[in-house]
Amino acid sequence: MTSQSCPPSDEPDTEVAVITGGASGFGLALAEQCARRGMRVALLDIDVDRARAEAEILSARHGIAVTAVDMDASSAASVDAAAATVADRYGRADLVVSNVGVQLFGAVERLTDQEWQWVLDVNVIGSARTARAFLPLLRGAPNGRLAFTTSSSVLDPAGRLGLYQAGKFAVWGLAETLRLELADQITVSVIFPSGMASRHLESSAAVQPAELRRPIGEPADFEAMAASNPGMVRAPVSPEQAAVDIVDEVLAGTRYIITHGDLDAAVRERSALLQDAAQLALSRTSTAESTRH
């Protein structure tokens, strides 16, 4: 089911931004910035009532066409139906941001198989479903861009976030693979958001399956996370500010985009480790070749 607003500026040549998780938080903030730049927008979210309300606000504020679309990232049928709705409504998609994600804190040794399956199904397979469903529309765009929201925690991890971080590492791998497969067709960006004051925990709790019902995070989890990585909770920004800072990079198809935070040291450290690993692999290959000869 959709909710549509069709002001006079709804022209077929106007670019279309499709944002999953678009009813609130970072997704909605990105949608706001796209609308501000004159793009038509589709807000895809499992909370379609909130998406409808926000669609009306965006359309009235910017004088552009906005559509709210019901989408559950854990259902292939729902994702495919959402893509079909966007195709019927706009006939194109120029930017697709796969921004959906759920959170669940906990020490790795205490996480159940069912908890792993829920989070990975939404965050990882949901991202793959979104890419698969929207690639036909993106291929038809003059300048198709596909972006995935991961997390700065894949660059600088913290404790009690093993489930979420493992999934976001996987989404990064998915994006890298798609970049190779879509070379010269569609640009692929990876967004690394840092701490934000958003509804992420609330929205995760709202869609948590009844059989897995428990707090998304206990006080001890937040304390352990902060102790293992103090920078993660230092100086969070609003989703609106994060979106303002990076939307032009998203629209330009920049490969890697960090929203905010001092991650330089962490990135340099991990780059050095990767370089060391590469050198070790080359050394072993050279040794093996010498032995054979």
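R160 sits in the loop between β6 (145-149) and α5 (162-181). Helices (H or I, at least four residues) and strands (E, at least two) are DSSP runs, numbered from the N terminus. This is a predicted model, in which local features need pLDDT of at least 70, side-chain atom pairs count only at pLDDT 80 or more, and totals for chains, interfaces and linings use all residues. Residues are numbered from 1 along each chain as its sequence is written, and side-chain values use heavy atoms, with hydrogens and water left out.

R160 has a positive phi, near 70 degrees, although the residue is not a glycine. Another such residue is D184, with phi near 70 degrees, found in the loop between α5 and β7 (187-192). For their accessibility, buried means under 20% relative accessible area, exposed over 50%, and partly exposed in between (1.4 Å probe, protein chains only).

| Residue | Relative accessible area | Class |
|---|---|---|
| R160 | 28% | partly exposed |
| D184 | 86% | exposed |

Now to helix α1. The helix covers residues 25-36, and at 1.5 Å a residue its 12 residues should span 16 Å; the expected span is 1.5 Å times one less than the number of residues. The end C-alpha atoms of α1 are 17 Å apart, which agrees. Helix α1 is also mostly covered, with 11 of its 12 residues buried. Among them are G25, F26, L28, E32 and C34. Just after α1 comes G38, which takes a positive phi of about 90 degrees.
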